[in-house]
Amino acid sequence: MAINRNLIIFAGLLASFSLASFPANVAGEPPLLFTFGDSSYDVGNTKFFSSAFDPATTWPYGESIDFPTGRWSDGNIVPDFVGRLVGNHEPVPPVLDPKADLSRGASFAISGATVLGSPSDTMSFGQQILKFIELHKKWSDKERAEAIYMINIGADDYLNFAKAHPNANPVEQVAFVARVLQKLSRDLMSLYKSGGARKLAVQNLGPLGCLPIVRQEFKTGESCMEMVNFMVKTHNERLGPVLFAMTVRFRSLRYSVFDFNGEILRRINEPSRHGYTDTTTSCCGTGSRNAFGCGYSNVHSKLCSYQKGFLFFDGRHNTEKTDEEIANLFYAGDKHVVSPVNIRDLVGKSVTFLPAQEI
């Protein structure tokens, strides 16, 4: 009898551990998803923000899904795939769409966005967060606390700096990185304190110096632009500590950092291993790297016949194939590519036990 009782207790414990290993959204509603950043995460905000021509709304953008959607890709992008993985059947809409259904979240990302500055033709990261704070009462405190906040920002800061200061020395470059990260940290604290965000999923910056558009414009040949890659490397090395410091100050904050840089470099350096035939030239565009003019009617762009063979769709944005692989790793990858937890684990870590004032 004692043996049977012990077996029952053991089976109960085993079952509880098994259930705890699944994400929180398995049994309940999937979490809301909010995305912030630049054109890599833009799902169409640009076309609602400005009346200027938006090439992402024209063919061949959207080629792999049969129509352009305002995404800078031949198809879906990272947040679309992550949204499906967390349980949302429809992609989150651009927040600037007046007809958008914001019940499952929203995208605040927009082409050209930066951390520093507030150019008139886009919204800075800080302005995107202010927009979220303006709307945050549309969602309950609990919904915002359990939501996933995907962030990909900073690329345009470093690309713009390289164009404006091509001869900047390493000291000046590091000083600029420090400015970007300082502002980024302040913006993230606003998202936490005023917006109620508790779960940040941050994509680090890719090797911008290896983008086809950078190779083409700066005429680097077979090499990448080291100045930009040095700033990116410095930024990425300091990004994790910045987020960790926030968790020390705010005990209810959790985060995930995806090593996008490492994954892109692996694909550039070993194309065939990842199923690519070309990782340094764009699928769509013109020029030495086929990197300029995709989507413009007055530019005689070339379009590759098989998008899945290319890492980059245009001069700086990934193909759908690339973004799907990135999303899968961001969601469920191990600590070699995403840390301290992946998005699946981030979803599974509930904050509902926290006191109301913490949410």
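This note sets out points on the fold, the cores and the local backbone geometry of a predicted model.

1. Basis. The model is predicted: local features require pLDDT of at least 70 and side-chain atom pairs count only at pLDDT 80 or more, whereas totals for chains, interfaces and linings use all residues. Residues are numbered from 1 along each chain as its sequence is written, and side-chain values use heavy atoms, with hydrogens and water left out.

2. Overall composition. The protein contains 12 helices and 10 strands (DSSP runs numbered from the N terminus: H or I of at least four residues for helices, E of at least two for strands). Of its 359 residues, 56% count as buried (under 20% relative accessible area; exposed is over 50% and partly exposed in between, with a 1.4 Å probe and protein chains only). Among contacts with a separation of 6 or more, 73% join residues 24 or more positions apart (contact means heavy atoms within 4.5 Å).

3. Nonpolar cores. The largest nonpolar core has 89 residues, and Phe34, Phe36 and Leu200 have the most contacts inside it (such a core is a set of buried Ala, Val, Leu, Ile, Met, Phe, Trp, Tyr and Cys residues joined through side-chain atoms within 4.5 Å). Helix 7 supplies the largest share of this core, nine residues. Apart from it lies another core of nine residues, among them Tyr61, Cys283, Cys284 and Cys294. Beyond four places in sequence, the contacts of Phe34 include Phe108, Phe132, Trp139 and Tyr149.

4. Helices 6 and 7. Helix 6 (residues 155-164) packs on helix 7 (residues 170-193) at an angle of about 150°, with the axes 11 Å apart (axes are lines fitted to C-alpha atoms, for helices over the stretch in contact, and angles run from 0 to 180 degrees between N-to-C directions). Helix 6 is therefore roughly antiparallel to helix 7 (the term applies to angles over 145 degrees; under 35 is roughly parallel, 65 to 115 roughly perpendicular and the rest oblique). On the helix 6 side, Asp157, Tyr158 and Phe161 meet Glu172, Gln173, Phe176, Val177 and Val180 of helix 7.

5. Helix 3. Six of the eight residues of helix 3 (residues 78-85) are buried, namely Val78, Pro79, Asp80, Phe81, Val82 and Gly83. These buried residues pack against strand 1 (33-37), strand 3 (148-152), strand 4, helix 11 (320-332) and helix 12 (343-348). Just after helix 3, Gly87 takes a positive phi of about 115°.

6. Backbone geometry to inspect. Most residues other than glycine have a negative phi, and most peptide bonds are trans. Cis peptide bonds join Trp59 to Pro60, with omega about 10°, and Ser339 to Pro340, with omega near -5°. Positive phi values occur at Asp66, about 80°, and at Lys219, near 50°. Asp66 is in the loop between helix 2 and helix 3 and is exposed at 72% relative accessibility. Lys219, in the loop between helix 8 and helix 9 (226-249), is exposed with a relative accessible area of 72%.
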